[in-house]
Amino acid sequence: LHRQMAEVEALRGNAASLSVEQQRHWCGELKHILATHSNPVLRAACVDTLAEFTVPESNEPLTLAMKDADSAVRTAACRACGKRGGKEALSLLAESLGSDSEMDVRIAAARELRRIPDPVAYGALGLALQDDDPALQYRAVESLKEASGKDYGSNLQAWQQFADGKDPGPEYTPSVADRVRALF
């Protein structure tokens, strides 16, 4: 395992210098590890390495990783999708946010959606606002702030309207006390 981890980490470090053909080859190798290896730490390391690849062939193993039995691998897949961006990553993150059984994975998906300023991402985050979990609601609000550049404070109703494509009215203006508190 230690040798395999070292090889995967070395591959991650050299990903930028690999040719397109080499990246395609390694996508196949990493996909094989994702599909067959029993160790979730190694599978998560493979996902982190796939995030560094630029070839379209890396999308299929990332999709596979989003369905992995281990939540740590699915969380790594969320990070990888956030790093890569694009329509496919957006789709995978939105699906994971809405349907994963583990709250940590859903929060990771919400966190990575902050990198994608897109109405589809806003809609997925809006659905997360309706969840009963306050941690997920908080992460969805923070991601909406980062992705949109808007600020409606902690007003979930205003954020929900924004996510639905409606005008929630004026943005949040912190009071003098809030601004002083933020200094400390």
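# Salt bridges, helix packing and a surface patch

The side chains of Arg-106 and Asp-131 form a salt bridge, with N and O 3.0 Å apart. This pair connects distant parts of the chain, since Arg-106 belongs to helix H7 while Asp-131 sits in the loop between H8 and helix H9 (134-148), 25 residues apart. The model described here is predicted. In total, the structure contains 17 salt bridges.

**Salt bridges between separate parts of the chain**

- Arg-106, the partner of Asp-131, has a relative accessibility of 13% and therefore counts as buried, the limit being under 20%.
- A further salt bridge joins the side chains of Asp-118 and Lys-87, at 3.3 Å from N to O.
- Asp-118 is found in the loop between helix H7 (103-112) and helix H8 (119-129), and Lys-87 is found in helix H6, so this pair ties together parts that are 31 residues apart in sequence.

- Arg-139 is located in helix H9.
- Arg-139 forms a salt bridge with Glu-146, and their closest N and O atoms are 3.3 Å apart.
- With a relative accessible area of 15%, Arg-139 is buried, while Glu-146 is partly exposed, at 47%.
- The bridge belongs to a network of salt bridges that links Glu-112, Arg-114, Arg-115, Arg-139 and Glu-146.
- When neighbours within four places in sequence are left aside, Arg-139 is in contact with Ile-107, Ala-110, Arg-111, Arg-114 and Glu-146.
- Two of these contacts, Arg-114 and Glu-146, are also members of the salt-bridge network.

**Packing of helices H5 and H6**

- Two packed helices are described by the angle between their axes and the distance between the axes.
- Helix H5 (residues 71-84) packs against helix H6 (residues 87-99) at an angle of about 145°, and their axes are 9 Å apart.
- The crossing that H5 and H6 make is left-handed.
- On the H5 side, the residues that meet H6 are Cys-78, Cys-81 and Gly-82.
- On the H6 side, their counterparts are Ala-89, Leu-92, Leu-93 and Ser-96.
- Helix H6 also carries Lys-87, the residue that ties this helix to the loop between H7 and H8 through Asp-118.

- Apart from residues up to four places away in sequence, Val-141 touches Leu-129, Gly-153, Leu-156 and Trp-159.
- Val-141 and Asn-155 are separated by 14 residues in sequence, and their C-alpha atoms are 8.9 Å apart in space.

- Val-176, Val-180, Leu-183 and Phe-184 make a nonpolar surface patch of about 510 Å².
- Phe-184 lies in the segment after helix H11 (176-183).
- Phe-184 has a relative accessible area of 84%, and it is therefore exposed, a term that requires over 50%.

Terms used
Residues are numbered from 1 along each chain as its sequence is written. This is a predicted model: local features need pLDDT of at least 70, side-chain atom pairs count only at pLDDT 80 or more; totals for chains, interfaces and linings use all residues. Side-chain values use heavy atoms; hydrogens and water are left out. Patches are made of residues with over 30% relative accessible area and no salt bridge: like charges are joined within 9 Å, nonpolar side chains (Val, Leu, Ile, Met, Phe, Trp, Tyr) within 5 Å. Accessible areas come from the Shrake-Rupley method with a 1.4 Å probe; for residues, only the protein chains shown count as cover. A salt bridge is a side-chain nitrogen of Lys or Arg within 4 Å of a carboxyl oxygen of Asp or Glu. Helices (H or I, at least four residues) and strands (E, at least two) are DSSP runs, numbered from the N terminus. Buried means under 20% relative accessible area, exposed over 50%, partly exposed in between (1.4 Å probe, protein chains only). Axes are lines fitted to C-alpha atoms, for helices over the stretch in contact, and angles run from 0 to 180 degrees between N-to-C directions. A crossing is left-handed if the near helix is turned anticlockwise from the far one by less than a right angle, and right-handed if clockwise. Contact means heavy atoms within 4.5 Å.
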